[in-house]
Amino acid sequence: MVEVSYVNKLLEAMRANRKVEKLLDQKSKIESELRKIRANCNHTQRSIKQVPRGEGMLTDTRWVCDDCRALVGYPTQFEMDKFFNK
Ligand SMILES: [Zn+2]
């Protein structure tokens, strides 16, 4: 029985691995779509937004294009203070 559960765990791990590969594949397709859209955007409408930094819970404050959501710049301290209503 020990061997059976070992095989099951292995199969489970393989399934999880395939799922991850599928997700990463979708992610890279989505990212290349976004790149194309952003390359064709003029970023005329911009707002200051909180954007996630990496994969953690931290955020950065950036000027973001309203149309394509590309990061288009860093707010000045004055703009930041205004954004955070200081
Ligand atoms: Zn844009």
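The structure is a predicted model, for which local features need pLDDT of at least 70 and side-chain atom pairs count only at pLDDT 80 or more, while totals for chains, interfaces and linings use all residues. Residues are numbered from 1 along each chain as its sequence is written.

**Overall form**

The secondary structure of the chain comes to two helices and three strands, where helices (H or I, at least four residues) and strands (E, at least two) are DSSP runs numbered from the N terminus. In sequence order these elements follow the pattern α-β-β-β-α. The radius of gyration, which is taken over C-alpha atoms, is 21 Å for the chain, well over the 12 Å that the globule rule gives for 86 residues, so the chain is more spread out than a compact globule; the rule itself is 2.2 Å times the number of residues to the power 0.38. The C-alpha trace spans about 65 × 35 × 10 Å along its principal axes.

The domain assignment, whose bounds come from an automatic or database source, gives domain 1 (1–40) and domain 2 (43–86). The C-alpha centres of domain 1 and domain 2 lie 31 Å apart. Buried residues make up 1% of the 86 residues in the chain; a residue is buried if 20 or more other C-beta atoms lie within 10 Å of its own, exposed if 12 or fewer, and partly exposed in between, with C-beta atoms placed from the backbone. Among the contacts with a separation of 6 or more, 26% are between residues 24 or more positions apart, a contact being two residues whose C-beta atoms, placed from the backbone, lie within 7 Å.

**The sheet**

Strands of a sheet pair through backbone hydrogen bonds, either parallel or antiparallel. Here an open sheet of three strands has the order β1-β2-β3, with antiparallel pairing; two strands are said to pair if DSSP finds at least two bridges between them. The edge strands, each pairing on one side only, are β1 (46–52) and β3 (71–73). Neighbouring strands of this sheet are turned by 60° against each other on average, direction ignored, with axes fitted as lines to C-alpha atoms (for helices over the stretch in contact) and angles running from 0 to 180 degrees between N-to-C directions.

Strand β1 pairs with β2 (residues 59–65) over seven bridges; within this pairing, Ser-47 has Val-64 as its bridge partner in β2, and Gln-50 stands opposite Thr-61. The hairpin of β1 and β2 has six residues between the strands, and Gly-54 in this hairpin takes a positive phi near 60°. The pairing of β2 and β3 is antiparallel over two bridges, with Gly-73 in β3 as the bridge partner of Trp-63. Five residues lie between the strands in the hairpin that β2 and β3 form.
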